[in-house]
Amino acid sequence: MLELAGEADVTSGETLHALLEAQIRERPRLLIVELSALRFMDSAALQVILRASRALRARGGLLALASPGDVVARVLEMTGADRLVPVYDSVAKAAAAREHPRGT
Amino acid sequence: MMTTVTEPGAPGLWHAALFHRGAAEFETRVRRFAQAAARAGAAVLITGPASSLDRLRARLDGLGDRVSWADMAEIGANPGRLISAISRFTDRHPGKAIWCVQQAAWASRSREELWEVFRHEALLNLALAGAPVRVLCPYDAALPAEFIACAEATHPVISPGGRWQPSPSFHGDARGAVPAECDRPLPAPPPGALTLLYTDNLSSVRHAVSVFARTAGLAPRRADDLVIAVGELTANTLTHAGGPGTLTMWTAGANLVCDISDGGHITDPLSGTLLPPPGRGGDRGGRGLWLVHQLCDLVQVRTGPRGTVVRLRMRLSEFLRGTNSCGPADGDRHHR
């Protein structure tokens, strides 16, 4: 699991990419990105997460987002990203995705 | 490339301005259009202000169930969402002909909004060129002459006397031919407007916007929307302008207004009108500008080799029904 806090924007994209890359290299079956302490995310940061999701999927794993706050949830909803990556309102529900994967 | 097709039913984009005199003529012509669409087996989308949709529903007899209705107060209060709304509707009806009635200019529209309506009417010809889409745009013939002239210049087809004919003043070139009136410089911000310079301190700019918006009385959810929009535009400054940017904020009547200006030049006139597919377009700023259009009540872009200013407006009080509850700008509301 990876917990993100603070604000993720174009200025932190490379750091975010490196963090996700390090996790994906371990080839987890399920990588949960916990977002409850993330106060802001712009579309550049979102693209980094979407690319990581595709990379993990190509390795047979699944990236799931958990517990987004209001602003982050709004960005996921407005961009349609919540239809590309599964979003759960808690880590426990995201963990259950291991048994019942969804999202395409 | 565009061809002028005066009769609905031929392949390719058909984009027509209907100048009507009064509600009766408007309703008759829309009903005839919807009947023809039903005979063609097309998917039909009718957008407009809620009051107009209610009247139309009652006049479409049995056809109302086969039509998708979209309240313009939600999907198109900002004219910058119009093209995207049609495109989404098209995506949801693959293989089908798409017929739309797009009522974008209603009586209470401000002049600033009307100029943006005509910008997006012009860009629609470019964005949907070749698509199997018919778009009928009703305009009240009593609109001021300068707006009627703009409608004639941005629609390949017009119907001055009840019959469709090519518009003599339509500029059918591939640039979208936005009328010059739509690109007039924006009035300067008032003295005393809050001004911030930024380079890479984007977080502090967003924080300042959040505080200003809440102090000005913008509802928390709408303040979040403004913060997201400003976040996208300031990120674009960093990515594309290669220099500092300026943010200016003030309130004007019932609006909060926010300018973001930098030295960048947006060269693609369609940037922000359509959501780029996932994984593409993210590096060119189109995705951010698209999001800005979905979140703000009016977006005015003035761009050139010397720089770009994007002016955002958020209504502080709700003039239009439903603006607080807008989800994704789906433009697809089945009424059964």
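Q: With which residue does A:Glu7 form a salt bridge, and how far apart are the closest N and O atoms?

A: A salt bridge is a side-chain nitrogen of Lys or Arg within 4 Å of a carboxyl oxygen of Asp or Glu. Here the partner of A:Glu7 is B:Arg206, with 2.5 Å between the closest N and O atoms. This is a predicted model, in which local features need pLDDT of at least 70 and side-chain atom pairs count only at pLDDT 80 or more, whereas totals for chains, interfaces and linings use all residues. Side-chain values use heavy atoms, with hydrogens and water left out; residues are numbered from 1 along each chain as its sequence is written, and chains are lettered from A and ligands numbered from 1 in the order in which they are written.

Q: How many residues does each chain bring to the contact, and what area is buried between chain B and chain A?

A: The size of an interface is often given as the accessible area lost when the parts come together. With contact taken as heavy atoms within 4.5 Å, chain B contributes 27 residues and chain A contributes 17 residues. The buried area (accessible area lost with a 1.4 Å probe, summed over both parts) is about 1800 Å², and carbon and sulfur atoms give 59% of it.

Q: How many salt bridges and how many residue pairs in polar contact are found between chain B and chain A?

A: The salt-bridge rule finds three across this interface. For polar contacts (N or O atoms within 3.5 Å; within protein, one able to donate a hydrogen and the other to accept it, with residues adjacent in sequence counted only if both atoms are side-chain atoms), the count is five residue pairs, both residues being at pLDDT 80 or more. Among DSSP runs (helices H or I of at least four residues, strands E of at least two, numbered from the N terminus), those giving two or more residues to the side of chain B that touches chain A are H7 (202-216), H8 (220-241) and H9 (286-295) of chain B. H8(B) gives the most to that side, with 10 residues.

Q: Is B:Asp200 buried or exposed, and which residues does B:Asp200 touch?

A: Relative accessible area under 20% means buried and over 50% exposed, with partly exposed in between (1.4 Å probe, protein chains only). B:Asp200 counts as exposed because its relative accessibility is 53%, and the residue sits in the loop between strand E8 (194-198) and H7 of chain B. Leaving out residues up to four places away in sequence, B:Asp200 touches A:Thr11 and B:Leu238. A polar contact of 3.5 Å also links the side chains of B:Asp200 and B:Thr199.

Q: What is the nearest side chain of opposite charge to A:Glu34?

A: Counting Lys and Arg as positive and Asp and Glu as negative, with His and the chain ends not counted, the nearest is A:Arg39, 12 Å away, and A:Glu34 is buried yet has no salt bridge. A:Glu34 lies in strand E2 (residues 30-41) of chain A. Beyond four places in sequence, its contacts include A:Met1, A:Leu4, A:Ser67 and A:Val91.

Q: Where is A:Ser67, and what is its phi?

A: A:Ser67 is in the loop between strand E3 (62-66) and helix H3 (70-78) of chain A, and its phi is near 60 degrees, a positive value in a residue other than glycine. A:Ser67 counts as buried because its relative accessible area is 16%. A:Arg27, likewise not a glycine, has a positive phi of about 50 degrees, but counts as exposed because its relative accessibility is 57%.

Definitions and conventions
Buried area is the accessible area (1.4 Å probe) that two parts lose on being put together, summed over both.
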